[in-house]
Amino acid sequence: AHTIAEANDITSLQGVIADVISTTREMRATTERSRAEVDSMRDRVRAAEAEIERLQIELEQTSEKMRHDPLTGALNRKGLEESYAKEVSRATRRGTKLCLAVLDIDNFKRLNDTYGHNTGDEALLHLVGTVRDCLRPHDTLSRYGGEEFVILLPETEIDDAVIVLQRLQRELTKRYFLANNEKLLITFSAGVTVVGQEEVQSSAIERADVAMYQAKATGKNRVVIAPLTSLAA
């Protein structure tokens, strides 16, 4: 600007005009590079966001798998712990009853020994499929170990819980299980109890487990209620 102000003729401006043109070109090139860098950074950000979303989905799927038994698809012990804590909290908050049942397939060892472990696995799947068809959407089924399962029955009185389990037993008698084209009757014995307010999971399961063994000892394919004295203790 100073040079232009003091210029006497066009010749004296040639140098500054050349500098301005050169600088303008450099600025244009710099702007284009900056725009390209911004576009590239935007693409990288979008790619990073997509990767983060993919990883979040993968993490959720992995977490979900960690909560379920790989054979039957029922909740595993970890899934049961989470569900139990949630249902106990809900029952306490709403002042409703929560029942817990432990059920065990009758004569499962003999089934495995006679027909093989693959047939035993299929029997587990047969049981789980039947139970799922009969339970309410908010009931929870989990595989506790081997052929032993735990069912959580929210907002359910103890007598109604017994009715639910007996209905499951009747349904199993209607659905024969095929082993090498041989019809087999799958039955289970169950113990059921009311979960105490804020009661720890191990205590409720232990009480129901004792009742389940009483069901086995008194003829199998039965449902036994855990004595209320056990709850008081």
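Author: Helices here are DSSP runs (H or I, at least four residues), numbered from the N terminus. This is a predicted model, where local features need pLDDT of at least 70, side-chain atom pairs count only at pLDDT 80 or more, and totals for chains, interfaces and linings use all residues. Residues are numbered from 1 along each chain as its sequence is written, and side-chain values use heavy atoms, with hydrogens and water left out.

Now look at α5 and helix α6 (residues 158-174): their axes come within 10 Å and cross at roughly 125 degrees. The two are therefore oblique to each other (under 35 degrees is roughly parallel, over 145 roughly antiparallel, 65 to 115 roughly perpendicular, and the rest oblique).

Who touches whom? Contact means heavy atoms within 4.5 Å. From α5 come His126, Leu127, Thr130, Val131 and Cys134, and they meet Arg167, Leu168, Glu171 and Leu172 in α6. Sorted by class, that contact has five nonpolar, two polar and two charged residues (Ala, Val, Leu, Ile, Met, Phe, Trp, Tyr, Cys and Pro count as nonpolar, Asp, Glu, Lys and Arg as charged, and the others, Gly among them, as polar).

α5 has another partner too: the axes of helix α4 (residues 108-115) and helix α5 (residues 117-134) come within 7 Å and cross at roughly 135 degrees. That makes α4 oblique to α5. Here the contact residues divide into five nonpolar, four polar and no charged.

Terms used: Axes fitted to C-alpha atoms, helices over the stretch in contact; angles between N-to-C directions.
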